[in-house]
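Trainee: I have a model open and would like to talk it through with you. Can we start with the strands and then move on to the rings?

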Amino acid sequence: MPSAAAEQRPAAAPGLVLRACDTVLDILRNEPRRMLLWILGIYGGLWFVAAFSFPSLPAVGYEMALRGREWPTGPWSNPPLAPWLTQIAGLLTGGWTGSQIVLSVGSALLTLLLLWRLGAAMLGRSGATLAVALTILIGCFGAEVLGYDPAIAALPLSVAAVALYRRAVLGTTRAPWIWLGLVCGLLGNAEHAGFALILTLVAHLLLTRQGRRQLLSSGPAIAAGLAVMLLAPHLSWLAQPDDTAAPVGIWSRIVAAFGFLSGQVGLHLGLIALAVLAALPRLPLQGEPAELNIDAPSGFDRSLILAAAFGPSLLIALAHVLGWFSIGATTGSALAALSGLALLMLLPPHFALRAPRLAVVLWLLVLVGAPFVAIGSIYSRAYGNGPLPAELYPARALSNAMQAVWKSRTTKPLDIVTGSARQAGFVALYASPRPSVFVDADVKKSPWINPQRLKQSGTLAVWSTDEFPRTDDLPPPYRAALGDVSPVYGTMVLPLGRGKLKAYGWAMIPPEGVTLQAPAAPAASPQPAPPPAAGN
């Protein structure tokens, strides 16, 4: 007969899970700083492991690197801070591409830490830790942290701007205003959505009693002057008309604005789902409702966080309808850092989780499971019929092959690679010294390239046959930009792994006055000596 211990063994796993859920809630209530350290350690550690598990960077990493090399202040649609920081990180680490991962995950961790400090001043430590726990459920703190982009660069700056604004308005010294001006200048250079947050803070300053009192001081003028000074180079680009944008009708703009707001809701689905589950009536194995207590925020703090969390998205949607703002791929993610804290501002100081264990299980699944889901999703796409993810692309092999093409025909360094941001970016990132990229052979996308530089340096044009099928002639857009040249053409086939191949065409245009050499022939194998003549 089975023993009593054996009969009880199947119930051990559910019991362990239930006790773990109760322990998480106890630590949140009684030891919030310890809970914060656990959250940051697990979150940062798992996403670092996920990011470094791939052989290459995500596609946005190559774009940031190719733009960062040029230290740009424009063009119009591209804020420059993320490329600048990418280039600085690369220089400090000797060109290590993993520095982008450190920037990305590090920015997310810094955002959560700054959010905790802001929340602790408003809601106490338990409330601040709960805000951090809720924030990691937002979409931009998921797989997006695998790549460093303008939105990730803007996240810590947006939280810092709100925290410094609060300190400046409620304080009596000038230092917070100075720091606020510097942070707002960096925020506008990081993501254009940052301008919406800056306008929201200005409106809050004008509409609140505490803010209007500060208008009589020199603080707001100092902050505004410093912000404009930092933004001036990029504002000179924004003042120019955007010739690359096609005219869009009013109804299309209205649809895009509603789509943007719907996307913002989708970004917060994890947060919304957890809030709904936590409020469900008592379910089996849920235990007693968990009482949570947070400090009551002041009216100023509540209005500030709610305005900063929701106001910028509404401003951007309205500005897009009026044709004043163009919504980009990363616009929404840059505005999401304060949503978890805003949710707590809507709750009373004392509230109960009716389904606490279910909520904790869902939260733990996201905290621990999301990095592994991201890894599995990217690797699974390698076996489908679609394009290979950039994270798995043999970019270094492509770069080495293209460098060999150039070096086998001239001793001049490869200074310019012409092609799409993806393909030419693959070649440029792993080349040494790193060349510039003539993106799509378009000077509007690559203001650092001009005809004189092209003539002096020459270029290596690279394209995949998915982009342009012919490999014996320049693609028409490249021909129009490069003029009447007679390049040397070639074709190569790049193994992608798992039985897949990618065909590439390349065209080498030498620098002015340089004659291309024939590629070095392979060394001939020694011929056997003739047999001795008969009779010798």
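Trainee: How many bridges join strand β5 to β7, and do they run parallel or antiparallel?

Mentor: Six bridges join β5 (residues 459–464) to β7, and the two strands run antiparallel; strands here are DSSP runs of E with at least two residues, helices are runs of H or I with at least four, both numbered from the N terminus, and two strands pair if DSSP finds at least two bridges between them. Keep in mind that this is a predicted model, in which local features need pLDDT of at least 70 and side-chain atom pairs count only at pLDDT 80 or more, while totals for chains, interfaces and linings use all residues. Residues are numbered from 1 along each chain as its sequence is written, and side-chain values use heavy atoms, with hydrogens and water left out.

Trainee: Which residue in β7 stands opposite Leu460?

Mentor: That is Met508. On β6 (residues 488–497), which is joined to β7 by nine bridges and is also antiparallel to β7, Gly490 has Trp506 of β7 as its bridge partner.

Trainee: What lies between β6 and β7?

Mentor: They form a hairpin with two residues between them, and Arg498 in that turn has a positive phi of about 55°. Arg498 also lies over the face of Tyr383, 5.2 Å from the ring centre, where a charge counts as over a ring if NZ of Lys or CZ of Arg is within 6 Å of the centre and within 35 degrees of the ring normal.

Trainee: Where do Phe48 and Phe52 sit?

Mentor: Both are in helix α3 (residues 32–52), and because they are four residues apart, about one helical turn separates them. Phe48 is partly exposed at 25% relative accessible area, and Phe52 is partly exposed at 39%.

Trainee: Which residues do ring pairs link into a cluster?

Mentor: Tyr62, Tyr393, Phe426 and Tyr430; the charged end of Arg422 sits over the ring of Tyr393, 5.7 Å from its centre.

Conventions. Buried means under 20% relative accessible area, exposed over 50%, partly exposed in between (1.4 Å probe, protein chains only). Rings of Phe, Tyr and Trp (its six-membered ring) pair if their centres lie within 6.5 Å; planes under 30 degrees apart count as stacked, over 60 as edge-to-face and the rest as tilted.
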